[in-house]
Amino acid sequence: MTTSNVGITRRGLLGAFAATTVAAAPTYSNAFGFLRGAGDIRTISMYSGRTGESINTVYWIEGEYIKEAWNEINHFMRDWRTDGIKNIDLRTIDIMAASRNLMDTDEPYMMLSGYRSPQTNAMLRSRSRGVAKNSLHMQGKAADLRLKSRSVSQMFKAAKACNSGGVGKYSGSNFVHMDCGVIRTWGS
């Protein structure tokens with residue numbers, strides 16, 4: 001009997017492995033020293049209030065990103081207004097995962113914005129001064145996120161502690177922006 005007949009995939013095997021070892025996994029990864037707390041087994045869990053979709057996946061294990069998981073992440077983080085998909089920079093996902101681990105929560109992020117098409121970015125920019133003309137969202141390098149169980153300040157501090165990209169605090173709108181661009185912070 002071949003593996004295709006029984007429905008076993010590499011991702012399925014890795015997921016089963018991760019499910020049995022995640023409790024014992026260290027919270028510090030040597031693969032990327034700049035990210036504290038990403039873990040040796042990296043997972044991401046999010047939901048979208050806009051589409052009603054959710055994702056909870058192991059995307060990195062044994063020093064490798066899992067292509068099938070990355071494809072799922074790309075689809076999940078698409079521009080829901082245009083249905084446009086862009087490859088999400090996995091460094092941003094690493095920052096999100098490390099931040100979540102540092103906050104010691106298993107609550108999924110509520111994703112407000114992932115990839116944005118140039119058309120969507122221009123529309124949002126016409127409605128708000130807080131949208132950058134050359135937003136990293138258009139490059140698949142940014143996410144705007146919220147957690148019910150953590151304050152904007154707690155999320156901001158956790159993402160900032162990763163020392164790995166841009167972190168914006170939007171207290172008035174109750175979300176934090178995380179990106180893998182130049183290290184910088186802003187907001188109140």
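Side chains of opposite charge can pair when their charged atoms come close. Please bear in mind that the model before you is predicted.

The structure contains six salt bridges, and I shall discuss some of them.

Let us begin with Asp94 and Arg42, whose side chains form a salt bridge with an N to O distance of 2.9 Å. Which parts of the chain does this pair tie together? Asp94 belongs to helix H4, residues 90-102, and Arg42 to strand S1, residues 41-47, so the bridge joins parts that lie 52 residues apart in sequence. Asp94 counts as buried because its relative accessibility is 1%, and Arg42 is buried as well, at 0%.

I turn next to Glu53 and Arg78, where the closest N and O atoms are 2.9 Å apart. Here both partners sit in loops: Glu53 between S1 and strand S2, and Arg78 between helix H3 and H4, 25 residues apart. Is Glu53 buried or partly exposed? Glu53 is partly exposed, at 26% relative accessibility, whereas Arg78 is buried, at 9%. These two residues also belong to a network of salt bridges that includes Asp83.

Finally, consider Asp144 and Arg116, with 3.2 Å between the closest N and O atoms. Asp144 lies in strand S5 and Arg116 in the loop between strand S4 and helix H5, so this bridge connects parts that are 28 residues apart in sequence. Both Asp144 and Arg116 are buried.

Note on methods. Residues are numbered from 1 along each chain as its sequence is written. This is a predicted model: local features need pLDDT of at least 70, side-chain atom pairs count only at pLDDT 80 or more; totals for chains, interfaces and linings use all residues. Side-chain values use heavy atoms; hydrogens and water are left out. A salt bridge is a side-chain nitrogen of Lys or Arg within 4 Å of a carboxyl oxygen of Asp or Glu. Helices (H or I, at least four residues) and strands (E, at least two) are DSSP runs, numbered from the N terminus. Buried means under 20% relative accessible area, exposed over 50%, partly exposed in between (1.4 Å probe, protein chains only).
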